[in-house]
Every structure is written in C-alpha cells, then in structure tokens.
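The following exercises concern one protein model. Please work through each task before reading its solution.

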Amino acid sequence: MSSQVTDLRGIELEAWINFLRAHAAVTRQFNAELLATHGLTINDFDVLAQLSRAPEQALKRVDLAERVLLTPSGITRLLKGLEEAGWVSNRPCAEDARVTYAVLTPKGSKKLEQARKTHVASVRELFSERFEHDELETLASLLERLPQRETACD
C-alpha cells in the first residue's frame, strides 16, 4: 500500500487537525459560557433545543439520544439532572410500557429561551469577528459536504 492510502499528509492533515482543534475549542468555549451564565452544559442545551422542536415537545429517550449523539446510558444520566432541575419530565408511552418520553416542561422552555439568547449572541460574535459574509457562505457550503446528522443543532 502506498503512503497516500495509509497516511494523511500535507493539506489533508492540516485541514483535519484544524477542523478537530476548532471544534474542540468552540465546544469548550460555548460550554463554559452556557455553564457560567445559565447552569447548562452544551449537551443540556442541545437536549432542551431538540425537545423544543419536537412534536408536543417530547421525544422517546432512544430517539433523543440519537439526535444528541449520546449513548442510551449517557442520555439517562443527562436527563436525570435535567429532571431534577425541573426542566424535563418523563411520560410513559400509552402503547408500549417499555418506552418513555422525555418532555420539555414550561420551566425548561423558559430556561432554553434565556440560554438561547446568550448562545446565539456568542455564535454571531464568534463568526462575525473572524469571517466576512461571503466567507461564511463559503464555509457553510464546504461544511455541508461533510456527513451531517438529520437534525441540526441550534
């Protein structure tokens, strides 16, 4: 096998490393801001946002785990904290006793709305400081070519 097949080199390696570093840095930044300002992790925020867009503001736990890229045990742990805070509640499925829905509460909806304002402002600031409008269009177009999950984040 040639080294081109087994190794990333040159611009491919640079693009990959820059992508990973940018993702990690931005995720850490937004997580810290949400935690300090609203007591939410970025995963908490994502769960509340996913529930807010779902029909009846409820999702099966397994579907929610898939949307936020967590394992079933990971979503269980995360939801426990959200439930204790009163932002999410449980609802059993009438048709299948094995299924439980996570439901956004009115308190959770209010929390999300407060956090969304901060988060959207941070995202706008991050991009406006670094990119011109035409560069953002190009970036969005380029990133769209990468695999995407079906439901985008806020």
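**Exercise 1. Determine the strand order of the open sheet and identify its edge strands.**

Solution. Begin with the strands, taken as DSSP runs (E, at least two residues; helices are H or I runs of at least four), numbered from the N terminus. Two strands pair if DSSP finds at least two bridges between them. On this basis, three strands form an open sheet in the order β1-β3-β2, with antiparallel pairing. The edges are held by β1 (58-60) and β2 (88-92); each has a single partner strand, so one side of each is left without a neighbour in the sheet. Neighbouring strands are turned by 30° against each other on average, direction ignored, the axes being lines fitted to C-alpha atoms, for helices over the stretch in contact, with angles from 0 to 180 degrees between N-to-C directions.

The model is predicted: local features need pLDDT of at least 70 and side-chain atom pairs count only at pLDDT 80 or more, whereas totals for chains, interfaces and linings use all residues. Residues are numbered from 1 along each chain as its sequence is written, and side-chain values use heavy atoms, with hydrogens and water left out.

**Exercise 2. Compare the span of helix α6 with the expected span, and state what covers its buried residues.**

Solution. Helix α6 (residues 106-130) has 25 residues. The expected span is 1.5 Å times one less than the number of residues. From first to last C-alpha α6 reaches 36 Å, close to the 36 Å expected. Now apply the burial classes: buried is under 20% relative accessible area, exposed over 50%, partly exposed in between (1.4 Å probe, protein chains only). The buried residues of α6 are Gly108, Lys111, Leu112, Ala115, His119, Ser122 and Leu126. Their cover includes α2, α3 (42-53) and β3.

**Exercise 3. Describe the surroundings of His38.**

Solution. His38 belongs to helix α2 (residues 10-38). With a relative accessible area of 11%, His38 is buried. Leaving aside neighbours within four places in sequence, His38 is in contact (heavy atoms within 4.5 Å) with Glu33, Lys111, Gln114, Ala115 and Thr118. The side chains of His38 and Thr118 also make a polar contact at 2.7 Å. Such a contact is a pair of N or O atoms within 3.5 Å; within protein, one must be able to donate a hydrogen and the other to accept it, and residues adjacent in sequence count only if both atoms are side-chain atoms.

**Exercise 4. Where is Gln57 found, and where is Leu69 found?**

Solution. Most residues other than glycine have a negative phi. Gln57, in the loop between α3 and β1, has a positive phi of about 50°. At 29% relative accessibility, Gln57 is partly exposed. Leu69 lies in the loop between α4 and α5, and its phi is near 60°, a positive value. At 64% relative accessibility, Leu69 is exposed.
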